[in-house]
Amino acid sequence: MIPRKSASEHTLRWKKEFAASIFGAQALTESLPQLDIDSEDLNKIDALFPIQIPSGLLAQSSSARRQALLRQYLPNAQELVDLHDDSNDPVGDISATQPSGVIKKYAHRVLVVTSSTCPVHCRYCFRKNYPYAKDNPNTHRFESALKFCRDDTSINEVILSGGDPLSLEDELLEYLFSAFSEIPHIKTIRLHTKFPSIIPKRVTPHLLSVLAHSKLNKVCVFHINHPDEINAEFCDAVLAIKKTDTVTLNQSVLLNGVNDSAELLAELSHKLFNAGILPYYLHRLDHAKGTSHFRISSEKTAKIMQQLKNQLPGYLVPKLATEIAGHTSKLY
Ligand code: SF4
């Protein structure tokens, strides 16, 4: 049991770091006056998918490598370009959303969109246009999702996604872990999260206690695209999560100008492995509106994958995954 005062101190620490993020076009212009983008375009982009970047990310060096990392999070005028195959629902999430709010696309597992909040707004996000619920997450919000899972005995795995599920309060996560563990056919709970790599302080003792005390199989899938997103504080957080008997994996997205080289991806796999994380998926970019500047041709993708296989042992090569709306599985 965590003393209440100590738990709230940990919560305050990560929330303080989150609150110090840069929110919106004006704050970004003040923090990064050298940003090469027309102010009218910047405001339009901000209105379509709000700018949100932890200030610490901008406060570091301006090397080319750093600029590649930041390209994931900095607005780009090309977000205003629409290609004919761009979509607001590129992987069919909206059409697969049940009245209960869960997304059911594949056999035996469901995805619960827990929150619209993320530690950072990734400009390539496939859910950047998702119609998130507007109310604050609370136990009442999840009643129908829990009922859906109780009623469908074919479901054995629940994925807490978002937004980012670690934007929820630890007490609410504790409630969800407990409620799902009371459903006899649910065996596994999975968290898809970017929080620990962006704000490692989010991995609080209370969260670790929730993981450690759950009798479900637990899987934590991080979302890291660039090796420089792995630092000592994140590695400590991963180690603490692993001590709770949680399986730790990573999924990346292959992004033009960010991680589109076999050398960089091989470095990422090695750094993940050294941190105790196995590379799991390398996603092809989903064609969400406003993300065309991150696209990579099929030919270049195939070349990178072959070079990656040449450099790495098989267990460090992530599966190249494509998601097509309406399919009963991802395509590998
Ligand atoms: S953290 Fe995930 S859900 Fe949130 S903006 Fe980034 S890619 Fe999208």
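This report describes salt bridges in a predicted model.

The model contains 19 salt bridges.

| Pair | N to O distance |
|---|---|
| D93 and K105 | 2.6 Å |
| K194 and E229 | 3.9 Å |
| K300 and D260 | 3.0 Å |

The side chains of D93 and K105 meet at 2.6 Å. This pair links distant parts of the chain, twelve residues apart: D93 belongs to the loop between α5 (64-70) and β3 (102-103), and K105 to the loop between β3 and β4 (109-113). D93 is counted as buried because its relative accessibility is 3%, which falls under the 20% cut-off. K105, in contrast, has a relative accessible area of 24% and is therefore partly exposed. Both residues also take part in a network of salt bridges that includes R127, E323 and K330.

In the salt bridge between K194 and E229, the closest N and O atoms are 3.9 Å apart. The two residues are separated by 35 positions in the chain, with K194 in the loop between β6 (188-193) and α8 (195-198), and E229 in the loop between β7 (217-223) and α10 (232-242). Both K194 and E229 are buried.

A further salt bridge joins K300 to D260 at 3.0 Å. K300 lies in helix α12 (residues 298-311) and D260 in the loop between β8 (246-253) and α11 (262-274), so this contact ties together parts that are 40 residues apart in sequence. K300 counts as partly exposed, at 36% relative accessibility, whereas D260 is buried, with a relative accessible area of 18%.

Key
Residues numbered from 1 in each chain as written. Predicted model: local features only at pLDDT ≥ 70, side-chain atom pairs only at ≥ 80, totals over all residues. Heavy atoms only, no water. Salt bridge = Lys/Arg side-chain N within 4 Å of Asp/Glu carboxyl O. Helix = DSSP H or I, 4+ residues; strand = E, 2+ residues; numbered from the N terminus. Buried < 20%, exposed > 50% of the residue type's maximum accessible area, 1.4 Å probe, protein only.
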